[in-house]
Amino acid sequence: MNEFRYIIGTTSEVRLGLVFWADKIREYTDTYYQGDKENARGTDFYGCISKLEQISDNILDKEDFVRSVIDDQNLLASISIIARTEILIEDEFTPCIEIENISNSPWNNIEFPQVEKRKGAATSLVEGIIRESRSLGLSDILKLFAVPEAQEFYQKIGFEETNGSGEMILSSNAASMFLLDLEQKRNSAAFD
Amino acid sequence: MSQSSKTYQPTPEQIAKWKRIDELESSCATGFLSPEEQDKNVEKFFEKDYIDSQLEKVRAHKEKLLKKLQSAEEYEQLLLKEKHNRG
């Protein structure tokens, strides 16, 4: 199982990581899509380009809210912008963390094999957000809006859809189950 | 962790679930974006060199912060003057 280093905030490593993502996006567009972004339309890679632009637009105003993971090659593997918010549970507003944006690296998004590819980055990022929140004594309930293609991924790690809008919640219990599941995965040789 | 210390025996269901999570991970985008917004972002990305585009953004951000700093300094001086006047 691949291991990742969790990073809080926008460090130089994260900033340089995004510059490297941008270089890789241009390289992959030339190599796999004949230099034309239109040929990538509809792919996860196309979504990754859009996310990079969106995150880069927001990163200066939200630098304290950036969370990311770095892989064993010291490459930025996944990045997110989080926000502290509230959700209504049984008529009471409960604090929670919203994952506003999340994106995997271009090499983890592109369908073609890449030596840099490392599975588990986004899962590790979600794990880091839960552990950080718990260590600060804050709510470990997570909320996000998943695009339709992403919903199965979040369901598998324990998120539940709330109202059909794409809003999904990971309850405190589900977060505990998710962490336990990851511990079991780490303690098994199945993914070595 | 060494190989020998990995003692947990996952169920076939767990192995299948973990494999599926790994497969699905490339589609993990969050935050609603219409296809038009997505196209606009992609268009913007390819319009300019990334470093040039970020430099433009960071300079505008710096300008905004300098204005805020100036305003905070003016307020600080105003309060200090007021405090001094009150003896």
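User: Good start! What kind of model is this, and how are its residues numbered?
Analyst: This is a predicted model, in which local features need pLDDT of at least 70 and side-chain atom pairs count only at pLDDT 80 or more, while totals for chains, interfaces and linings use all residues. Chains are lettered from A and ligands numbered from 1 in the order in which they are written, and residues are numbered along each chain as its sequence is written, from 1.

User: Back to that helix pair: how many nonpolar residues does the contact of α1(A) with α2(A) have?
Analyst: Ala, Val, Leu, Ile, Met, Phe, Trp, Tyr, Cys and Pro count as nonpolar, Asp, Glu, Lys and Arg as charged, and the others, Gly among them, as polar. By these classes, the α1(A)-α2(A) contact holds no charged residues and one polar residue. The nonpolar count is eight.

User: At roughly what angle do the axes of α1(A) and α2(A) cross?
Analyst: Two packed helices are described by the angle and the distance between their axes. The axes are lines fitted to C-alpha atoms, for helices over the stretch in contact, with angles from 0 to 180 degrees between N-to-C directions. The axes of α1(A), residues 12-32, and α2(A), residues 44-58, come within 11 Å and cross at roughly 145°.

User: Which element gives the largest share of the side of chain A that touches chain B?
Analyst: The contact between the chains takes 46 residues from chain A and 36 residues from chain B. Elements giving two or more residues to the chain A side include α1, β4 (92-104), α4 (121-135) and α6 (172-186). By class, that side has 19 nonpolar, 15 polar and twelve charged residues. The largest share, ten residues, comes from α2(A).

User: What is the radius of gyration of chain A?
Analyst: Chain A has six helices and seven strands, and its C-alpha trace spans about 55 × 35 × 30 Å along the principal axes. The radius of gyration is taken over C-alpha atoms, and the globule rule is 2.2 Å times the number of residues to the power 0.38. For 192 residues a compact globule would have a value near 16 Å, which agrees with the figure for chain A, 17 Å.

User: And what is the radius of gyration of chain B?
Analyst: Chain B has three helices and zero strands, in the order α-α-α from the N terminus. Because its radius of gyration is well over the 12 Å that the globule rule gives for 87 residues, chain B is more spread out than a compact globule; the value is 27 Å.

User: What share of chain B is buried?
Analyst: A residue is buried if 20 or more other C-beta atoms lie within 10 Å of its own, exposed if 12 or fewer, and partly exposed in between, with C-beta atoms placed from the backbone. In chain A, 44% of the 192 residues count as buried. For the 87 residues of chain B, the share is 17%.

User: How many residues of α3(B) are buried?
Analyst: Helix α3(B), residues 50-85, reaches 52 Å from its first C-alpha to its last, close to the 52 Å expected. The expected span is 1.5 Å times one less than the number of residues. α3(B) is hardly covered: among its 36 residues, the buried count is one.

User: How many residues of α4(A) are buried?
Analyst: The end C-alpha atoms of α4(A) are 21 Å apart, in agreement with the 21 Å that its 15 residues should span. Its buried residues include L125(A), V126(A), I129(A) and I130(A). α4(A) is mostly covered, and its buried residues number eleven.

User: Where is N74(A), a residue other than glycine with a positive phi?
Analyst: Most residues other than glycine have a negative phi. The phi of N74(A) is near 65°, and N74(A) counts as exposed because it has 10 C-beta neighbours inside 10 Å. Its place is the loop between β2 (66-70) and β3 (76-89) of chain A.

How values were computed: Helix = DSSP H or I, 4+ residues; strand = E, 2+ residues; numbered from the N terminus. Contact = placed C-beta atoms within 7 Å.
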